[in-house]
Amino acid sequence: MDTLLSSSSSMVVRSPLPPVRTIASPSKVYSAAARFSSTPSVNGFRRNHLQLLRPFTSSSVPKFSVRCGAGVREIKESEFQSTVLESNRPVLVEFVATWCGPCRLISPAMESIAQEYGDKLEVVKIDHDANPQLIEEYKVYGLPTLILFKDGQEVAESRREGAITKAKLKEYVDSLLETISVA
């Protein structure tokens, strides 16, 4: 436990966890754990010193991914034509990235929608970083981005960017399916 001490009795701050800062350099990732060591007081305050930076090992660096379950399939640019544009059913395309927090947040909701609407709709996921030509072609500026395709064309007004709750996602999909069934 770290304690900040002063000559004043009212200035005592305790923290159950040591503060941690991660610093990335082009060649290594470093972690600085602030472990304070006390030295004699100067002007009523004790001086604290930080330990030197130590490198992370590759096994301790967290890796994130946006996984696809049974209902959502991840596709690449080479599969886009056959899976999305030539599909007989409407296809909801989700543009995501592994580093995108909101993408990871809506992933379970997308799985649920894929399973619930499996007979009416196909749901696919496209990785933003691995498919730059599709990102440029469909002008994906924010993540996650949802776009509905029917008969090889983007459905007008179907584009949605950002995180969304499961209830709002269900409303969004219901309104899109209603729109394309009327047209």
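**Charge pairs and ring pairs**

Student: Which helix holds both Asp-174 and Lys-170?
Tutor: The two residues sit 4 positions apart, about one turn of the helix. This is a predicted model. Both belong to residues 166-182, which is helix 4.

Student: Which residues does the network of salt bridges that share partners join?
Tutor: Take the helix pair again: Asp-174 and Lys-170 both lie in helix 4. Salt bridges with shared partners make one network of Glu-116, Lys-170 and Asp-174.

Student: How far apart are the closest N and O atoms of Asp-174 and Lys-170?
Tutor: The cut-off for a salt bridge is 4 Å between nitrogen and carboxyl oxygen. Asp-174 and Lys-170 do form one, with a closest N and O separation of 3.7 Å.

Student: How many salt bridges does the structure hold?
Tutor: Side chains of opposite charge can pair when their charged atoms come close. In this structure, the count of salt bridges is 6.

Student: Which residue forms a salt bridge with Arg-73?
Tutor: The closest N and O atoms of this pair are 3.8 Å apart. The partner of Arg-73 is Glu-122.

Student: How many residues apart are Arg-73 and Glu-122?
Tutor: Arg-73 and Glu-122 form a salt bridge. Arg-73 is in strand 8 (residues 72-75), while Glu-122 is in strand 10 (residues 122-127). The pair links distant parts of the chain, and the separation in residues is 49.

Student: Why is the pair of Phe-80 and Tyr-138 given the label it has?
Tutor: The ring centres of Phe-80 and Tyr-138 are 5.5 Å apart. Stacked needs planes under 30 degrees apart, and edge-to-face needs over 60. These planes meet at 50°, so the pair is tilted.

Student: How many residues apart in sequence are the parts that Phe-80 and Tyr-138 tie together?
Tutor: Phe-80 lies in helix 1 (residues 77-85). Tyr-138 lies in the loop between helix 3 (132-137) and strand 11 (145-150). The separation in residues is therefore 58.

Student: What is the angle between the planes of Tyr-138 and Phe-149?
Tutor: Tyr-138 and Phe-149 form an edge-to-face pair, 5.2 Å centre to centre. The angle between their planes is 90°.

Student: Which side chain of opposite charge is nearest to Asp-127?
Tutor: Asp-127 is found in strand 10. Asp-127 is buried yet has no salt bridge. At 8.0 Å, the nearest side chain of opposite charge is Lys-76.

Conventions
Residues are numbered from 1 along each chain as its sequence is written. This is a predicted model: local features need pLDDT of at least 70, side-chain atom pairs count only at pLDDT 80 or more; totals for chains, interfaces and linings use all residues. Side-chain values use heavy atoms; hydrogens and water are left out. Rings of Phe, Tyr and Trp (its six-membered ring) pair if their centres lie within 6.5 Å; planes under 30 degrees apart count as stacked, over 60 as edge-to-face and the rest as tilted. Buried means under 20% relative accessible area, exposed over 50%, partly exposed in between (1.4 Å probe, protein chains only). Lys and Arg count as positive and Asp and Glu as negative; His and the chain ends are not counted.
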